[in-house]
Amino acid sequence: MTTDETSAGSRRPARRAFRLTSRVFWDMAIYMVALGLVMGLIFPPFVVLLGVPEDYAYRPIFRLACLLAGFSVGAMNYALVKGVVGGRMEVLGGHLRSATSSITNATETGDWSEAVFERITVDSHDQIGEAGKAFNSLLGAVEGRKELENRLRYQAYHDKLTGLPNRAHMLDKVAEAERLRAEGTPSAMLFLDVDNLKAVNDSLGHEGGDTLIRLLAERMVASVRDTDTVARLSGDEFAILLVGPGSEHQAERVAHRIIDSLRAPTRIGEHLVRTGFSIGLATSTTAAASGIGMLRAADLAMYAAKSGGKGRLEVFQPSHHTAHVERDAVRGELSGALDAEQLELHYQPIVDVSTQHIVGFEALLRWRHPERGLISPLEFIPLAEETGLIVPIGRWVLQEATRQAAAWQNRSPLGRLRMSVNVSVRQFQHPDLVGDVAEALQTSGLDASLLTIEITESLFAQDTEETIRKIGLLKDLGVRLALDDFGTGYSSLSYLRRFPIDTLKIDKSFIDGVTTSSEGHAVVAAITQLGQTLHLEVVAEGLETADQVAALDALGCPLGQGYHFSKPLIAGDAIKLLLTGGRPIEEMLLPA
């Protein structure tokens, strides 16, 4: 068939299909009544054939009776057909209208949960029965769509691991709670962050971490009422929403109940795991007064709880929001501080304990803000870690510290001058670290053996194989490695055996007790002896008194640093200190 023929065929009027409409019933009525009248006309001759006398059969009264009987039979047939067929068609039509309305509403709103369909009872095998079967089959397909929509909706609003509501679900609940607050119904929110989940994942694998998350979810659900909402917001974050009078006090009880339930170790397989929650609590009233959402307010309180020592509850205060705004401002300004040349290095001397001669410096980062003055590293270094700015900043520190060390050579009383540079975990993990160190050495011309990279023990909780590989590459460059804050983190003698560490730095917390307690003295003595046994250099941090220096000297600790010798100095003052033979003037002892 050609295209023209196809087009012509498509323009042909469609064959009229049989429709059960009111016109059809009207036609049926005419046909039925006409049939009855015809029967009334032909009945008299028929009865004559049966032997009824002709004069009786053709009497007007008999013929009228036949016509009335025929009309009645036709009318009764019409009523019967309309009642049976029409009634069944009305039932089918009603079901179709109901299903169409439900499907239309569900399609427009995207919510199939309220779509209800009723099947037709098929009680015949005629065409109407077949239509009923087809309708029921259609409903089966629609209900399959409804089931799929409900399943997708559940997945969209629930956490797969725990089965708890997720962040999207909680946000809907919070919006509803805020509407109720406007009507006078208070509410409270708990924001919970799992402490040390990463350590569990590192030691037991992610399956162990998932098991812990499920156990924690069960404990939270067991600690609340059926009307409260427990949700998992992200990997290690949960939230609990309580609505109604007394919700604030109830939320505090729930928080303490959860904290108490985790005081004992949690068993995961054959292992006992200690974990806990840092919890922030916010009420709808305090959050509204600060102009922020209740979930955000609870999050800020949780951050304060975690910063204050973990495993505790912190109730939201307006000061939490103020501090957060200030952190955001600092975070925004920090991104431009490097380009604006607001960052600078201060240098704290590392001293030979016995002779008190300077053998090197530790480069310490400072931020001189044009309006706020010198900002503490404790304030901006964590923000640099969070944002990833620590990588370009750390690269600049390496370049500046090695440049300065190269310029200071031959000015030390003991000859060549060392330079120590701290490298954070995030900076160490960056793939460019080894290249950054090599470039800084090459650009400055500093002998690699005079550069010490200081790392912390927390680094060893990361990918061990990658850590070993990167440390090996750094050692191939010829630099020295120091383990900073030794004894405060994941201390293990196996680290000293597996990693080519050159120097142990004893943390200030141990030095503080070296002259005041036998335990403190014993710890420092043990670390010093360990360094001597393993042929590691030992540096004591935080020396502040002559008694501490004498105690370290007696224990055989070779090197130290601290305010007893000098505060961290700008480059000009550091060179002055070198030229005076390592004897600082009084202002050099004041904190920077």
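Predicted model: local features only at pLDDT ≥ 70, side-chain atom pairs only at ≥ 80, totals over all residues.
Local features require pLDDT of at least 70 and side-chain atom pairs pLDDT 80 or more, whereas totals for chains, interfaces and linings use all residues. Residues are numbered from 1 along each chain as its sequence is written, and side-chain values use heavy atoms, with hydrogens and water left out.

The protein chain contains 21 helices and 16 strands, taken as DSSP runs numbered from the N terminus (helices: H or I, at least four residues; strands: E, at least two). Of its 592 residues, 42% count as buried, the term standing for under 20% relative accessible area, with exposed over 50% and partly exposed in between (1.4 Å probe, protein chains only). Among contacts (heavy atoms within 4.5 Å) in the protein chain with a separation of 6 or more, 67% are between residues 24 or more positions apart.

The structure holds 5 aromatic pairs. Rings of Phe, Tyr and Trp (its six-membered ring) pair if their centres lie within 6.5 Å; planes under 30 degrees apart count as stacked, over 60 as edge-to-face and the rest as tilted. One of the pairs joins phenylalanine 238 and phenylalanine 277, which is edge-to-face because the planes stand at 85 degrees, with the ring centres 6.2 Å apart. This pair links distant parts of the chain, 39 residues apart: phenylalanine 238 lies in strand S3 (residues 237–243) and phenylalanine 277 in strand S6 (residues 276–283). Phenylalanine 238 is buried at a relative accessible area of 0%, and phenylalanine 277 is buried at 2%.

Tyrosine 347 and phenylalanine 361 also form an edge-to-face pair, with 6.5 Å from centre to centre and 85 degrees between the planes. Here strand S8 (residues 343–352) supplies tyrosine 347 and strand S9 (residues 358–369) supplies phenylalanine 361, 14 residues apart. Both residues are buried, and together with Trp408 they form one aromatic cluster.

Helix H14 (residues 425–429) includes glutamine 427. This glutamine is buried, with a relative accessible area of 6%. Neighbours within four places in sequence aside, glutamine 427 is in contact with Ile390, Gly394, Arg395, Leu398, Asn422 and Leu433. Elsewhere, the charged end of lysine 470 sits over the ring of phenylalanine 428, 5.7 Å from its centre; the criterion is NZ of Lys or CZ of Arg within 6 Å of the ring centre and within 35 degrees of the ring normal.
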